Amino acid sequence: MHFSLRDKKSSYFKNMLKSQETQSATFVKHFTFLRALEASYLVAELISKNRKNHTIGEKLILPACKIIVSKILGEEATKQIDNIPLSNSTISRRLQDISENIEKFVNGKLIHSNFSIQVDESTDFCSESHVIVFVRFVNDNAIEEHFLGCKQINCTTKGEDIFNLVSTYFEQNNISWKNCVGICTDGAPSMVGSRICRFCKTGK
């Protein structure tokens, strides 16, 4: 025992013990929250990759997990499963966060390295035209391909309009056309306008 504490009353040590127990409980609760949050993001990613409805998390995955955990680890362990947020709105927010994180990562690569893009124009079932862009770049000595984005075309679908739409996105995200070493299109008239052809030939 420290000599500075030898004259302390027992109430002092009881209060210290209570404070320590409170801090430990808070730490455990926070750690459990972080694990539940991580699980929520991982499940959201799994739902997205398998193209399932967002409601499957709350209606199927969560109940199934509770049944499995209950049978293997007991009823007490299922209380931890209840801490994992998997509602429809939560899954939507998780996927939005993941999407923004991926976009930030990809744009960071495009800013600092060479890349090529694949551009296509498509019309949906509402007869609205969209530009779809994929990018390829080298990351850790491996070629990676990512979906860069899909933008609705509010004007005409000429090659120049498509070029301007992509160029605007590049400017908003500080991406230089100088890093673009190639453009791939399907050869359709809307994809071979003068601006795109000029870029393919001169890189400007």
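This is a predicted model: local features need pLDDT of at least 70, side-chain atom pairs count only at pLDDT 80 or more; totals for chains, interfaces and linings use all residues.
Trainee: What makes up the secondary structure of the protein chain?

Mentor: The chain has six helices and four strands. Starting at the N terminus, their order is α-α-α-α-β-β-β-α-β-α.

Trainee: Why is L73 called exposed?

Mentor: The cut-off for exposed is over 50% relative accessible area. L73 has 63% relative accessibility, so L73 counts as exposed. You will find L73 in helix α2, which covers residues 56-73. Together with I68 and I72, L73 makes a nonpolar surface patch of about 360 Å².

Trainee: And C180 and C184, why do they get the labels they have?

Mentor: Buried means under 20%. C180 stands at 7% relative accessibility, so C180 is buried. C184 stands at 40%, so C184 counts as partly exposed, since that label lies between the buried cut-off and the exposed one at 50%.

Trainee: How do you know that the span of helix α4 agrees with its number of residues?

Mentor: Helix α4 has 25 residues, 88-112, and at 1.5 Å a residue they should span 36 Å. The end C-alpha atoms are 37 Å apart, so the two values agree.

Trainee: Which residues of α4 are buried?

Mentor: They are T90, I91, R94, L95, V106, N107 and L110. For the protein chain, with its 204 residues, the buried share is 25%.

Conventions. Residues are numbered from 1 along each chain as its sequence is written. Side-chain values use heavy atoms; hydrogens and water are left out. Patches are made of residues with over 30% relative accessible area and no salt bridge: like charges are joined within 9 Å, nonpolar side chains (Val, Leu, Ile, Met, Phe, Trp, Tyr) within 5 Å. Accessible areas come from the Shrake-Rupley method with a 1.4 Å probe; for residues, only the protein chains shown count as cover. A salt bridge is a side-chain nitrogen of Lys or Arg within 4 Å of a carboxyl oxygen of Asp or Glu. Helices (H or I, at least four residues) and strands (E, at least two) are DSSP runs, numbered from the N terminus. Buried means under 20% relative accessible area, exposed over 50%, partly exposed in between (1.4 Å probe, protein chains only). The expected span of a helix is 1.5 Å times one less than its number of residues.
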